[in-house]
Structures are given as C-alpha cells and as structure tokens.
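I opened this entry to keep track of what I looked up, one topic at a time. The sequence and the model come before my notes.

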Amino acid sequence: MPIIIVDLDKCIGCGKCSDICIKAVFETIKLEKYNYMTKYFAAHPENCLFCCLCVGSCPELAITLKKKTFNEIKSF
Ligand code: SF4
Ligand code: SF4
C-alpha cells in the first residue's frame, strides 16, 4: 500500500487531487488549526494505484507519494 502524504499547511482545498483520482482515495477534512478551511487528505490509501496523477495535479506541490520499503512492509 502506498504512503500518500498531503502537506496540510500547503493544501488550499482546490480538490484537484480528488477530481483526478479514479480510486476515490481523497476526502475532505476541516480542522480548527486551519480555521475549519476545507483540506484534502488520503483517507483510502489502500485503494491507490500509484498512478501519480494526484501529485501532478496539485498546484501547491502538497502531495508526496511513496512506496513502502521492504522493512515497512515486513513490519506492517
Ligand atoms: S496515485 Fe493515482 S490512485 Fe493513487 S491517490 Fe493519486 S491519483 Fe489516486
Ligand atoms: S490538489 Fe493539492 S492543494 Fe488541491 S486539494 Fe489536493 S492536496 Fe490540496
């Protein structure tokens, strides 16, 4: 399962990552820390195909996608 990290400090809530993702990985979140502004996070990384389209779609370069290392898989 890939690790998908959204830097919420950078996310402007445009939803482009969610629009382009055919696996519906992203969902919205509203946190007090960001004055309840809509942000997106990877709620369902287990569905990810590792196509990287979300990374390229983000105007704020807020998304990092990593494959798990062998050790991370072993300890999973
Ligand atoms: S890499 Fe592809 S499948 Fe995975 S979250 Fe991004 S757009 Fe969705
Ligand atoms: S594309 Fe980037 S800035 Fe837009 S909602 Fe997704 S993570 Fe946030």
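I began with the largest nonpolar core, which holds 13 residues, and I noted that Val6, Cys17, Phe26 and Ile63 touch the most other members. Strand E1 (3-6) and strand E3 each supply at least two residues of this core. I kept in mind that this is a predicted model, and that in soluble globular proteins nonpolar side chains tend to be buried together.

I then followed phenylalanine 26, and, leaving aside its neighbours within four places in sequence, I found it in contact with Cys17, Ser18, Cys21, Tyr40, Phe41, Ala42 and Ala43.

Next I turned to ligand 1, which has 13 residues around it, and of these Cys21, Val25, Cys48, Cys51 and Cys54 come nearest. Sorting the shell around ligand 1 by class, I listed twelve nonpolar residues, one charged residue and no polar residue.

Last I checked backbone angles, knowing that most residues other than glycine have a negative phi. Alanine 24 has a phi near 50 degrees, a positive value in a residue other than glycine, and I placed alanine 24 in the loop between helix H1 (16-20) and strand E2 (26-30).

Tyrosine 36 counts as exposed because it has 10 C-beta neighbours inside 10 Å.

Note on methods. Residues are numbered from 1 along each chain as its sequence is written. Chains are lettered from A and ligands numbered from 1 in the order in which they are written. This is a predicted model: local features need pLDDT of at least 70, side-chain atom pairs count only at pLDDT 80 or more; totals for chains, interfaces and linings use all residues. A residue is near a molecule or strand if its C-beta atom, placed from the backbone, lies within 6 Å of it. Ala, Val, Leu, Ile, Met, Phe, Trp, Tyr, Cys and Pro count as nonpolar, Asp, Glu, Lys and Arg as charged, and the others, Gly among them, as polar. Helices (H or I, at least four residues) and strands (E, at least two) are DSSP runs, numbered from the N terminus. A residue is buried if 20 or more other C-beta atoms lie within 10 Å of its own, exposed if 12 or fewer, and partly exposed in between; C-beta atoms are placed from the backbone. A nonpolar core is a set of buried Ala, Val, Leu, Ile, Met, Phe, Trp, Tyr and Cys residues joined through C-beta atoms within 7 Å. Two residues are in contact if their C-beta atoms, placed from the backbone, lie within 7 Å.
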